[in-house]
Amino acid sequence: MTRWMLSGFGDEIDADFAVQLQVLLALGASHVEVRSAWGTNVVDMSDEDLARLSGLLERHGVRVSAIASPIGKSQVYDDPAPELARLERVVAAARRLEARYIRLFSFYRPDGVEAVAVRDTVLARLRAFADVAERESVVLVHENEKAIYGDTPSRVLDIVESVGSSALRVAWDNANFVQVGVRPFTDGYALLRPHIAYLQVKDARAADGVEVPAGHGDGELRETLEALRDDGWEGFASLEPHLADPARPDVLSGPRRFGEAARAFAGLTAELGIELA
């Protein structure tokens, strides 16, 4: 049986890191993806914050699958120095929390500016990021976020092939592809399969872009998971459901809806003979 490691964006559950870990453990996850805790993004955490995280991880027996950084979720023509410094801080957090992967993005562009116009700047900045990752022995995984340079399969491929670094791979997000009009499996899987290092579990409807539990949208998630299984892919499947709960407006999902997302994904993987651990 194929076996993948289950993780999740803990701050979608609760701001309290201890609660994040408790819920993830109850849902069968062995890892957490760290984006924020106690209202502080990982890029802004102090050494004391990271020590507190580390202590809770050890106490609960949970490991970190990735640092979900905001690096590259900024304007492409902004001064590159601050973003590079932020990456250095995120790398330090990854080393402290023993995480191999760091999520990042490929920059927003000004209104009215075509993607092709920012391509060279994007690639130069990501090459500089890859240099840091190579030096520090971590792996950057690019998420295909909406409205950044790498929001379509062809531009994601352009990034990883043009930068040409083993320290820059792909974090695949089905829902984000749906929200930019892409059929994820049909239009993107064959192009990007050699570069997929990390799976972010999210689904969405094409009609309105609203996120839904795994397998309930137009993200071709079943086809994607089946193909990854058949290709012998192994790695982390990280829940990032974005399922709003009116009872918990302070977080993206809350424990109840995060649990709904986890159960939907577990049902889908069980049908496909994929074990989650």
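Guide: Before we look around, helices (H or I, at least four residues) and strands (E, at least two) are DSSP runs, numbered from the N terminus. This is a predicted model, in which local features need pLDDT of at least 70 and side-chain atom pairs count only at pLDDT 80 or more, while totals for chains, interfaces and linings use all residues. Residues are numbered from 1 along each chain as its sequence is written, and side-chain values use heavy atoms, with hydrogens and water left out.

Visitor: OK, so how many strands form the open sheet, and in which order?

Guide: There are nine strands in the open sheet, in the order 2-5-6-7-8-9-12-1-13, and their pairing is parallel; two strands count as paired if DSSP finds at least two bridges between them. At the edges sit strand 2 (31–34) and strand 13 (274–276), each of which pairs on one side only. On average, neighbouring strands of this sheet are turned by 30° against each other, direction ignored, where axes are lines fitted to C-alpha atoms, for helices over the stretch in contact, and angles run from 0 to 180 degrees between N-to-C directions.

Visitor: What holds strands of a sheet together, in general?

Guide: Strands of a sheet pair through backbone hydrogen bonds, either parallel or antiparallel.

Visitor: Back to strand 2, then: how many bridges does it share with strand 5?

Guide: Strand 2 and strand 5 (residues 63–68) are joined in the parallel sense over four bridges. His31 has Arg63 in strand 5 as its bridge partner, and Glu33 has Ala66 there.

Visitor: And which way do the residues of strand 2 point?

Guide: His31 and Glu33 point one way and Val32 and Val34 the other, and all are buried, where buried means under 20% relative accessible area, exposed over 50%, and partly exposed in between (1.4 Å probe, protein chains only). In a regular strand the side chains alternate between the two faces of the sheet.

Visitor: Where does helix 1 lie?

Guide: Helix 1 (residues 17–26) lies across strand 1 (2–8) and strand 2, and runs at about 140° to strand 2.

Visitor: New topic: how many salt bridges are there?

Guide: The whole structure holds 28 salt bridges, each being a side-chain nitrogen of Lys or Arg within 4 Å of a carboxyl oxygen of Asp or Glu. One of them joins the side chains of Arg135 and Glu88 (2.9 Å, N to O). That pair links distant parts of the chain, with Arg135 in helix 4 (residues 115–136) and Glu88 in helix 3 (residues 80–96), 47 residues apart.

Visitor: What about Glu226 and Arg229: how far apart in helix 8 are they?

Guide: They are three residues apart in helix 8 (residues 221–230), about one turn of the helix, and their side chains meet in a salt bridge (3.6 Å, N to O). Glu226 is partly exposed at 32% relative accessibility, and Arg229 is partly exposed at 21%.

Visitor: Where is Glu12 found, and is it buried or exposed?

Guide: Glu12 is in the loop between strand 1 and helix 1, and it is buried, with a relative accessible area of 0%. Leaving out residues up to four places away in sequence, Glu12 touches several residues, including Arg35, Glu240 and Phe258, contact meaning heavy atoms within 4.5 Å.

Visitor: Which side chain makes a polar contact with the side chain of Glu12?

Guide: That is the side chain of Ser253, at 2.5 Å. A polar contact is a pair of N or O atoms within 3.5 Å; within protein, one must be able to donate a hydrogen and the other to accept it, and residues adjacent in sequence count only if both atoms are side-chain atoms.
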